[in-house]
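Here is a short report for a reader new to this structure.

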Amino acid sequence: VPLKNQSGEIMGVIEAMNKNDGVFTDYDLELLKSLSSYVAMFIENALLFDEQSRQFKSVLEVLAASIDAKDTLTAGHSKKVAEYAVAIGREMGLNEDGLDVLNVAALLHDYGKLGIDDRILKKPGSLNREEFEQIKEHVTNTRSILNKMAFMRKYRNVPLLASSHHERLDGSGYTEGLTDIPFMARILAVADVFEALTAERHYRRALSIEEAFAIMDGEAGTKLDENVIAALKSCCRRERMITA
């Protein structure tokens, strides 16, 4: 019996063989036809869901690429942060759904930088007070933009997570000054700091992994989650990026 979608296109067939108590009858055929409509519906729904998932991921890639286009020096930052964050999350026992949400939040965490003046983002020296205040606005921009997106229920916390990556445990972060920081946002914070320290920037050279961890260890337990830093170190050891 053919399996047809709602447009009448054949997606496949369903076949019954070797009836236990004799030959197939017209009743069997009608029963199989009835079943085939349900099977076809389930298959079509599964294909549509897969298509939507692939479309969503492609939109994320386009959004991340638009951030990269802002500054070629920091191109790939969001993707690297996502890779580090997912590795940390897996090390700390997050399930696949949690890792998926973390990956989406990481890819979009800096999206608000599209609204920041290039002269500030690419300034070779230290920022003055006014410029730093403008840089901080990228977090607010990120939350505002992502809140306008119609995320599926699973991703409903992405705007909060993405816009909390500069919050610090002692309340010294921005923009809310949170101390009760969501777990995934703590992972994002560590991944973001690690990538930023180990990559070249307009205002300084890239630090070695050891140098980066030395700085992060100085903020462990006060600004950054020490358990998350420990998980990142474990990932680096496994990849033989560090030995100690």
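Contact here means heavy atoms within 4.5 Å. The model is predicted.

Two packed helices are described by the angle between their axes and the distance between the axes.

| Helix pair | Angle between axes | Distance between axes |
|---|---|---|
| α7 (residues 183-198) and α9 (residues 226-238) | about 55° | 9 Å |
| α7 and α8 (residues 209-217) | about 135° | 9 Å |
| α2 and α7 | about 130° | 8 Å |

Start with α7 and α9. At about 55°, the two helices are oblique to each other. The crossing of α7 past α9 is right-handed. On the α7 side, the contact uses R186, I187, V190 and F194. On the α9 side, it uses V228, I229, L232 and C236. Seven of these contact residues are nonpolar, one is charged and none is polar.

Next comes α8. The angle of about 135° between α7 and α8 makes this pair oblique as well. Here too α7 passes in a right-handed crossing. From α7, the residues V190, V193, F194, L197 and T198 take part. From α8, the partners are I209, A212, F213, I215 and M216. By class, nine residues of this contact are nonpolar, one is polar and none is charged.

The last pair joins α2 to α7. Helix α2 covers residues 77-91. Its axis meets that of α7 at about 130°, 8 Å away. That angle makes α2 oblique to α7. The crossing is right-handed. Helix α2 brings H77, K80, V81, Y84, A85, I88 and G89. Helix α7 answers with I187, L188, V190, A191, D192, F194, E195 and A196. The classes are ten nonpolar, two polar and three charged.

V190 and F194 meet α9. V190 and F194 also belong to the contact with α8.

**Aromatic rings**

How many aromatic pairs does a search of the whole structure find? The search finds four. One of them joins F132 and Y174 in an edge-to-face pair, with 5.9 Å centre to centre and 85° between the planes. This pair links distant parts of the chain, 42 residues apart. F132 sits in helix α5 (residues 129-146), while Y174 sits in the loop between α6 and α7. F132 is partly exposed, at 37% relative accessibility. Y174 is buried, with a relative accessible area of 10%.

There is also an aromatic cluster, made of Y84, F194 and F213.

**The loop between α6 and α7**

Most residues other than glycine have a negative phi, and most peptide bonds are trans. The peptide bond from Y174 to T175 is cis, with omega near 10°. T175 lies in the loop between α6 and α7.

I181 is in that loop too, where α6 covers 158-162. Is I181 buried or exposed? The relative accessible area of I181 is 5%, under the 20% cut-off, so I181 is buried. Leaving out residues up to four places away in sequence, I181 touches E167, R168, L169 and R186. R186 also belongs to the contact of α7 with α9. I181 and Y38 are 143 residues apart in sequence. In space, their C-alpha atoms are 46 Å apart.

**Two exposed residues**

K79 lies in α2. K79 has 55% relative accessibility and counts as exposed. L107 is 28 residues from K79 along the chain, yet their C-alpha atoms are separated by 5.9 Å.

N18 lies in the loop between β2 (10-13) and α1 (26-68). N18 is not a glycine, but its phi is positive, at about 60°. With a relative accessible area of 67%, N18 is exposed.

Notes. Residues numbered from 1 in each chain as written. Predicted model: local features only at pLDDT ≥ 70, side-chain atom pairs only at ≥ 80, totals over all residues. Heavy atoms only, no water. Axes fitted to C-alpha atoms, helices over the stretch in contact; angles between N-to-C directions. Helix = DSSP H or I, 4+ residues; strand = E, 2+ residues; numbered from the N terminus. Parallel < 35°, antiparallel > 145°, perpendicular 65-115°, else oblique. Left-handed = near helix turned anticlockwise from the far one by under 90°. Nonpolar A, V, L, I, M, F, W, Y, C, P; charged D, E, K, R; others polar. Buried < 20%, exposed > 50% of the residue type's maximum accessible area, 1.4 Å probe, protein only. Phe/Tyr/Trp six-rings, centres within 6.5 Å; stacked < 30°, edge-to-face > 60°.
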